[in-house]
Amino acid sequence: MRVCIFGGTAAYHLRLEDFARAGEPFAVDTPDGRAHFTGLTTAGGAQVLFNSRHGQGALERSAAFVNHRANVWAARHLGAEVILSWNGCGALDALLSVGDLLVPHDVLDQTRARRYSYAPSTPNGAAQARWRRRADALPGTPPPVFWEPARQALLAAARAQGHNVHAWGVYACTEGPRLESRAEIAMLAGAGAAVVGMTLSPEVWLAAELGLRYASLCAVTNWATGLAEQHSNARRFGPEVGAACLRVALAAAEALAT
Amino acid sequence: MSDLAILMPCPSGASAPYATPFGDAHVQERVLGGRALALIEPGDDPRAGPWAARALGATRLAIVCTGAALNRLLRPLDWLLPDDYVDQTRGGPTTYFTERGLGYVQQSPAFCPELRAALAAMPERPDARVFDRGTLVAAPAPRPETPAEARWWRGLGGDVAAWGAQPAAALARELELCVAVACYVVRAAGAADDAWLEAPEVERLLAALVAALPAARGCACGEALAAARARGALEMDWWKVLSV
């Protein structure tokens, strides 16, 4: 299975050749703009596509402005069947610790100003029928949100690399780019969210719409607003977070490729 | 130049259109208690009002709005000065920094403590109490809340459902303004309007605010984007060159 990795937190700081044999970066023009990729060949010989969501060299665009439409469209165009991504996120669940990894099993979408579908307008019968036809045209039916074999591959790779990794959790996606207020975090915690970030929506919905299988790795970078007081002020956003996530994602991609 | 701006719908007196990159706001400049003051009527785009405040030289923005009581302790004619909020607005612009990466603007404390303290100096009356804390739910304007929404927002800890406070306050923080909200309770949730925010009540609030607000800022609101500036992602007069 051809895997494409969407790199999140600190991906823009990484030297890809430190992790795999890296080809020349290239761009794909899509109906929604340009997407940038690098082809990677793992030590085990798996061919993997890589895209850094937030740009190259520096945080060029915050999570609210990632061009998910171009990235997902281009991944599909390049033949990817599975997307593995990583996301920095804030912790809500008291059992988490900063530095933990979590492979979410569900998403609570609280974004407000994004485009959720390749269909041209707001959901209606015709758009839904088109959506279903397109999804059915691909082998297998896309899962509701995350594809279990890819989730299991990420979990196994993270465990093998010695991470404290959690197998379940609801990811709440907020609009940003501002952080959340304390009352908003309390609301999301009450609704069952374990972690909060700004990236996964609409990426997961767009991937499903194009028939791509999807799983994600959440890196707990800090406590969500108002929770640091009872837990810790620790913050982990550095290149080591991106490096750890890329190693896990590459190992999972290798396992899925064979 | 006014260091203090007030964002409020329909101030009494004549306002002049004030052009911003996000359409016109309406501005009325006054002197009150020896202090220059800009009363700003928000435009159609929530980005216009806070931008006008910044362009007029303001460092502080008080947002005056009306709301419905979710908390049954509140009565019409009360003032609530929230220290936290839940933004339930949607679809509109939420930031001045589209298509860029500036990191995150912290929302704790959600509003400027100094400006809130100055607003809290307003003298209470038996029928017009001042609550110096609480959670404001920014309702999706302009329709009234449904009973189900009121029930849900009350469950979230919301004390008032209000219109106009967000996303204006979050936008003002991106402009590194001090921002605080004074919400005037006009009805109970689900009920018909029971009170109107009248000019004398606004004057009472403004007089107390002007008298109590220290001349110099002692808070961290002016540094909301310091991290982005430190790494060179933001120019000195970045807000002047914003466009739609």
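Analyst: Start with residue classes: Ala, Val, Leu, Ile, Met, Phe, Trp, Tyr, Cys and Pro count as nonpolar, Asp, Glu, Lys and Arg as charged, and the others, Gly among them, as polar. This is a predicted model: local features need pLDDT of at least 70, side-chain atom pairs count only at pLDDT 80 or more, and totals for chains, interfaces and linings use all residues. Residues are numbered from 1 along each chain as its sequence is written, chains are lettered from A and ligands numbered from 1 in the order in which they are written, and side-chain values use heavy atoms, without hydrogens and water.

User: What is the volume of the largest pocket?

Analyst: On a 1 Å grid over the protein atoms alone, a pocket is an open set of points with protein on both sides within 12 Å along at least five of seven lines, a cavity is a set where a 1.4 Å probe fits but cannot get out, and lining residues have an atom within 4 Å of a point. Points are joined across faces, edges and corners, and a volume is the space filled by probe spheres set on them. For the largest pocket, the volume is about 1100 Å³.

User: Which element gives the most to the lining of the largest pocket?

Analyst: The lining has 47 residues, and those nearest the centre are Leu179(A), Asn222(A), Arg235(A), Phe237(A) and Tyr104(B). By class, 22 are nonpolar, 20 polar and five charged. Elements are DSSP runs numbered from the N terminus: helices (H or I, at least four residues) and strands (E, at least two). With four residues, the top contributor is strand 6 of chain A.

User: How many charged residues line the second largest pocket?

Analyst: This pocket holds about 810 Å³. Of its 38 lining residues, Met8(B), Pro9(B), Pro42(B), Trp163(B) and Gly164(B) lie nearest the centre. Helix 1 (48–55), strand 5 (60–69) and helix 5 (199–212) of chain B each supply at least two lining residues. Beside 24 nonpolar and eight polar residues, the number charged is six.

User: Which helix gives the largest share of the lining of the largest cavity?

Analyst: The whole structure has two cavities of 30 Å³ or more, and the largest has a volume of about 220 Å³. Its 16 lining residues include Arg112(A), Thr174(A), Glu175(A), Arg178(A) and Glu184(A), which lie nearest the centre. By class, the lining has three nonpolar, six polar and seven charged residues. The largest share, three residues, comes from helix 4 of chain A.

User: What is the volume of the second largest cavity?

Analyst: Residues lining this cavity include Ser62(A), Pro177(A) and Arg178(A), along with Thr95(B), Phe97(B) and Tyr104(B). The lining divides into six nonpolar, three polar and two charged residues. The volume is about 60 Å³.

User: What is omega for the bond that joins Gly176(A) and Pro177(A)?

Analyst: Pro177(A) sits in the loop between strand 10 (170–174) and helix 4 of chain A. A cis peptide bond links Pro177(A) to Gly176(A), with omega about -5 degrees.

User: Where is Pro202(A)?

Analyst: Ser201(A) and Pro202(A) are joined by a cis peptide bond, with omega about 5 degrees. Pro202(A) has its place in helix 5 (residues 200–209) of chain A.

User: What is phi of Leu77(B)?

Analyst: Leu77(B) is in the loop between strand 5 and strand 6 (79–80) of chain B. Phi is positive here, in a residue other than glycine, and is near 85 degrees.
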